[in-house]
Amino acid sequence: MLTRVGTVETNAPGKLQGNKIAEILGYLIDKRIIISMHIVGTSFERLTCVTQMSQNPQPFFVVDLPDNFKAEAQSSSELILRFNFNGPDRLEYIFTTKGGRINGRELHLPFPDHMERLQRRRNFRMETPLGTKMFLKLDKIHAVLGLINISLGGAYGTLLKPSENGRSSSLLEVGQRILNVGILFPADDENEEQIVIIKRTEVRRIEHDQDRKIYKYAFEFTDVAPDELKKLTQLIYRIQRQFLQRR
């Protein structure tokens, strides 16, 4: 019998076992929380959500099957999945499962032995809609990045303009601070195009894709005006709703 669990109470960070696991999974179901799933040993990582669970006779839970999962899973000798998400206390939770079976668009997985609740708070990343861009001004250079994902704390994307083909080094540097960054969220069937202004951001990580000869940049938002933060929050919630509607 598939069940749901209502409210959940959490204490200090650490290891969760037994009934606490069912409570947390119930929270994910009831609140339709988006979680990140990674196939250990591969680069495959997708967003999904827990839809159901059962504790009889053997505890298992069900997640929505991400696109291209089957092909990636077949390449692994032993299927090990790692999940992470923001819990009811806004702390980051991590757990791992082994095995499982595919049933249509569902993935049935055994309960984990335990979950880890970490000390740090985590801004959950959402994959951005196609056409989401970040605009930077660096001296006389106007740069445009295509964003791959975004959270309330930062963004990650690839430089579109100016082209970095032929560059021996990246346009930006780790630790570089940039003022008044604009993020454009494209219009869709229900919403108009919107722009969020980030007062101050900082380059935290640079990755060089040597095969494609491009650089990818991770930014931290270090200063956001309250009204712009509210707008960004609403836009991320909108992306989450659209993601769930597509599943």
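Helices (H or I, at least four residues) and strands (E, at least two) are DSSP runs, numbered from the N terminus. With that in hand, the protein chain here comes out at three helices and 16 strands. The radius of gyration (taken over C-alpha atoms) is 20 Å, close to the 18 Å that the globule rule gives for 247 residues, so the chain is as compact as a globular protein of that length. That rule is 2.2 Å times the number of residues to the power 0.38.

Keep in mind that this is a predicted model: local features need pLDDT of at least 70, side-chain atom pairs count only at pLDDT 80 or more, and totals for chains, interfaces and linings use all residues. Residues are numbered from 1 along each chain as its sequence is written, and side-chain values use heavy atoms, with hydrogens and water left out.

- The pLDDT (the predictor's confidence in each residue, from 0 to 100) averages 86 over the protein chain, and 90% of the residues score at least 70.
- Strand β14 (residues 177-185) is where confidence is highest, at a mean of 96, while strand β9 (residues 115-121) has the lowest, at 81.
- Take care with residues 1-7: pLDDT stays under 50 there. For that stretch the model has 22 contacts beyond four places in sequence, a contact being heavy atoms within 4.5 Å.

**The chain as a whole**

- Taken along the principal axes, the box filled by the C-alpha atoms is roughly 65 × 40 × 40 Å.
- Buried residues make up 46% of the 247 in the protein chain. Here buried means under 20% relative accessible area, exposed means over 50%, and partly exposed is in between (1.4 Å probe, protein chains only).
- Among contacts with a separation of 6 or more, 59% come from residues 24 or more positions apart.

- V203 sits in strand β15 and is buried, at 1% relative accessibility.
- G175 is 28 residues from V203 in sequence, yet the two C-alpha atoms are 5.2 Å apart.
- Leaving out neighbours within four places in sequence, V203 contacts L172, E173, V174, G175, Q176, I178, Y217, A218 and F219.
- F124 is in the loop between β9 and β10 (126-127), and it is buried too, with a relative accessible area of 11%.
- I35 lies 89 residues away from F124 in sequence and 8.6 Å away C-alpha to C-alpha.
- Beyond four places in sequence, the residues that F124 touches include I34, I35, L47, F85 and I150.

- H142 belongs to strand β12 (residues 141-150) and is exposed, with a relative accessible area of 56%.
- Not counting residues up to four places away in sequence, H142 touches L136, K137, K161 and P162.
- H142 and D113 are 29 residues apart along the chain, with 51 Å between their C-alpha atoms.
- E190 is in the loop between β14 and β15 (194-209), where it is exposed at a relative accessible area of 73%.
- The C-alpha atoms of E190 and F60 are separated by 37 Å, and the two residues are 130 apart along the chain.

**Backbone details to check on screen**

- K161 and P162 are joined by a cis peptide bond, with omega at about -5°. P162 falls in the loop between β13 (154-161) and β14.
- N68 has a phi near 65°, a positive value in a residue other than glycine. N68 is in the loop between β4 (60-64) and α2 (69-74), and it counts as exposed at 55% relative accessibility.
- D139 is not a glycine either, but its phi is positive at about 55°. The loop between β11 (133-138) and β12 holds D139, which is exposed at 75% relative accessibility.
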